[in-house]
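This report walks through the architecture and the charged contacts of one protein model. Have the coordinates open while reading.

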Amino acid sequence: MAVERIELLGVPVDILQPQDVETEILELLAKPGTKQIVFLSVWDLLKARRKNDYAQCVRDADLVLPVSKSILRGARFLKKNVPVRYNQFTAVISILSVLENHYKSLYLFGGRKKSLMAAEKNVRATFPSLQIVGRYVGYYPKTVEDDIVQAIFKASPSLVLVSEGLREKDCWSYLRRNRFSSSIFLYYRDCIGIFSERIKRVKEKTFDRGLEIWSEIIHNPLKVFLLFPYIYYILSLVWYRLFKRKNAD
């Protein structure tokens, strides 16, 4: 197995080494049915501790990749095996490279029309052997949803890359998983914006230092209030280490 799954505060997190990404993606493609990859931030982890659709989506996901440094620190604090942290954009590029190398297909879903068309053009230029079998904008009217689902089902792409404009985010594909054939679904809010060059991606140095939250706060000052759930996360880790560990022993 290329992947080791641990639980952090009751939420699954996968350990996948970068050199095993290709093997894992090919194994997922070989599995029947709808598959899902989830990028998990510390805020997502806290959300997944509740009883909701998102929590079940994460628990049932085929691959849960941490994107927050705090998740790694939490695993280390609880004396668990420490997962590899993934930059979402870099991970998407790696996955698309695997798909291209094996002549697989892609469906782009999300964003506004202008951004989506620009993103498709740039993806085609970067990955010429990757077959783009369809695209549809986000922010769509509810009346066309059945048509979108049917289009994805008929195209049966290797990967559906889901971006902004879907209120249910990761849960969009999860709640409709029985209506698709054998695709992998991956939600990354900024992917269409970055591929269309409308959004600047976080610099590697900033990401490596775990400081990407500050760029988000600059764009949305209200995110400073994320300090309070972060404090709750720290307290939860301490509680788990003091009491859950004793119960396990």
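## The parallel sheet

Six strands make up an open sheet with parallel pairing, in the order β4-β3-β8-β7-β5-β6. Its edge strands are β4 (63–66) and β6 (131–136), and each of these pairs on one side only. Neighbouring strands are turned by 20° against each other on average, direction ignored. The model is predicted, so every feature below comes from a prediction.

Inside the sheet, β5 (residues 105–109) pairs with β7 (residues 159–162). Four bridges hold this parallel pairing.

Helix α7 (residues 145–155) lies across β5, β6, β7 and β8 (184–187). Relative to β5, α7 runs at about 170°.

Strands β1 (residues 3–8) and β2 (residues 11–16) run antiparallel and are joined by six bridges. L8 has V11 in β2 as its bridge partner. Two residues sit between the strands of this hairpin, and L9 takes a positive phi near 55° there.

A salt bridge also belongs to this region: R5 and D14 bring their closest N and O atoms to 2.7 Å. Are the two partners buried or exposed? R5 is partly exposed, with a relative accessible area of 37%. D14 is buried, at 1%.

## A buried lysine without a salt bridge

K35 is found in strand β3 (residues 35–40). K35 is buried yet has no salt bridge. How far away is the nearest side chain of opposite charge? That side chain is D62, and the distance is 7.5 Å.

Which backbone oxygens lie by the polar side-chain atom of K35? The backbone oxygen of K31 lies 2.7 Å from a polar atom of this side chain. For the backbone oxygen of L28, the distance is 3.3 Å. Leaving out residues up to four places away in sequence, K35 touches L28, L29, D62, S182, S183, I184 and F185.

## Salt bridges across the chain

A search of the whole structure finds 11 salt bridges. One of them joins R135 to E120, with the closest N and O atoms 2.7 Å apart. This pair links distant parts of the chain: R135 is in strand β6, E120 is in helix α6, and they are 15 residues apart. R135 counts as partly exposed at 32% relative accessibility. E120 is buried, with a relative accessible area of 7%.

R176 and E145 meet in another salt bridge, at 3.1 Å from N to O. R176 is in the loop between α8 (170–175) and β8, while E145 is in helix α7, 31 residues apart. R176 counts as buried at 8% relative accessibility. E145 is buried as well, with a relative accessible area of 7%. Both residues belong to a network of salt bridges that links K142, E145, E168 and R176.

## Positive phi in loops

Most residues other than glycine have a negative phi. K79 has a phi near 60° and is found in the loop between α4 (69–77) and α5 (88–101). K79 is exposed, with a relative accessible area of 54%.

E197 has a positive phi near 65°. E197 is found in the loop between α9 (191–195) and α10 (204–208). At 66% relative accessibility, E197 counts as exposed.

## A residue in helix α1

L26 is found in helix α1 (residues 21–30). Its relative accessible area is 29%, so L26 is partly exposed. Leaving aside neighbours within four places in sequence, L26 is in contact with V98 and H102. L26 and Y240 are 214 residues apart in sequence and 36 Å apart in space, C-alpha to C-alpha.

Key. Residues are numbered from 1 along each chain as its sequence is written. This is a predicted model: local features need pLDDT of at least 70, side-chain atom pairs count only at pLDDT 80 or more; totals for chains, interfaces and linings use all residues. Side-chain values use heavy atoms; hydrogens and water are left out. Two strands pair if DSSP finds at least two bridges between them. Axes are lines fitted to C-alpha atoms, for helices over the stretch in contact, and angles run from 0 to 180 degrees between N-to-C directions. Contact means heavy atoms within 4.5 Å. Buried means under 20% relative accessible area, exposed over 50%, partly exposed in between (1.4 Å probe, protein chains only). Lys and Arg count as positive and Asp and Glu as negative; His and the chain ends are not counted. A salt bridge is a side-chain nitrogen of Lys or Arg within 4 Å of a carboxyl oxygen of Asp or Glu. A polar contact is a pair of N or O atoms within 3.5 Å; within protein, one must be able to donate a hydrogen and the other to accept it, and residues adjacent in sequence count only if both atoms are side-chain atoms.
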